[in-house]
Amino acid sequence: HSVGLNRVFVRLAEDARQGGDHLIEWRNEAESTRRFRDGDRSYWIRPDGGGSLWSGEARHDFLVEYDRGTIDAAAYRSKLVGYHRYFATRQFGTDLIDPPTVLVVAVDDRAEEHAARAVRATEREFGARLPLLLTSEWRYGRDDRNRAGLLGPIWRTADSNEPRRLWPGAGRHTTTQPRAVREAAYRR
């Protein structure tokens with residue numbers, strides 16, 4: 001699990017650099033975990049990791065779920081309930097300005113579709129969509145159709161297979177602003 005997750009982060013950093021962007025923060029599970037209250041109940045999210053990417057003039061925060069296809073439906077539901085509460089109560093606002101995107105990277109199509117089913121079920125239950133995108137590992141190989149790797153049009157929502165990019169413009173820039181200036185402008 002850790003090896004696959006680290007591969008995702010290394011690849012994201014490489015793809016960002018190649019596209020003129022920059023991975024400015026890479027957080028592990030412990031640094032990404034958040035406990036919070038909603039009313040009289042305690043909740044938590046425990047993503048596998050998280051980070052921030054600088055693209056053009058924008059900072060994009062994200063959380064990563066690396067899915068090997070081993071989590072059962074009840075455990076997935078519990079995980080997704082935490083995310084719904086996290087976003088509904090705007091708990092991300094204690095660390096971030098904008099809501100992060102939850103990135104689900106699955107080892108294969110079967111695991112990706114299992115995750116998509118769980119997401120669709122909780123979105124119906126809560127009547128709200130999560131800022132969540134899914135992909136499978138095989139999709140982010142760079143080739144003639146996808147020169148941007150993880151920043152390319154390889155992502156989908158839980159209810160659509162229509163390929164899309166993570167963030168508009170990501171992986172397509174060159175930046176003239178020095179790295180230290182970019183990072184200082186967004187340091188919290």
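Is E137 buried or exposed, and what is its relative accessible area? E137 is buried, at 18% relative accessible area. Buried means under 20% relative accessible area, exposed means over 50%, and partly exposed lies in between, with a 1.4 Å probe and protein chains only.

A word on the model. This is a predicted model, where local features need pLDDT of at least 70, side-chain atom pairs count only at pLDDT 80 or more, and totals for chains, interfaces and linings use all residues. Residues are numbered from 1 along each chain as its sequence is written, and side-chain values use heavy atoms, with hydrogens and water left out.

Now, salt bridges. The structure holds 16 of them. By salt bridge I mean a side-chain nitrogen of Lys or Arg within 4 Å of a carboxyl oxygen of Asp or Glu.

Back to E137. Its side chain meets that of R7 in a salt bridge, 3.5 Å from N to O. The two partners are 130 residues apart: R7 is in helix 1 (residues 2-18), and E137 is in the loop between strand 7 (132-136) and strand 8 (155-157). Helices (H or I, at least four residues) and strands (E, at least two) are DSSP runs, numbered from the N terminus. R7 is partly exposed, at 45%.

Next pair: E25 and R59. Their closest N and O atoms are 3.4 Å apart, in a salt bridge. This pair also links distant parts of the chain, with E25 in strand 1 (residues 22-27) and R59 in strand 5, 34 residues apart. E25 is partly exposed at 30% relative accessibility. R59 is buried at 15%.

R85 belongs to helix 3 (residues 73-88) and D38 to strand 2 (residues 34-38), 47 residues apart. R85 is partly exposed, at 27%. D38 is partly exposed too, at 24%.

Salt bridges also form a network. Its members are D109, E112, E113, R120, R139 and R156.

Last stop: L63. Where does L63 sit? L63 is in strand 5, residues 58-67. L63 counts as buried because its relative accessibility is 4%. Which residues does L63 touch, leaving aside those up to four places away in sequence? Among them are R27, I45, P47, Y83, Y86 and V102. Contact here means heavy atoms within 4.5 Å. Take P47: P47 and L63 are 16 residues apart along the chain, and their C-alpha atoms are separated by 6.2 Å.
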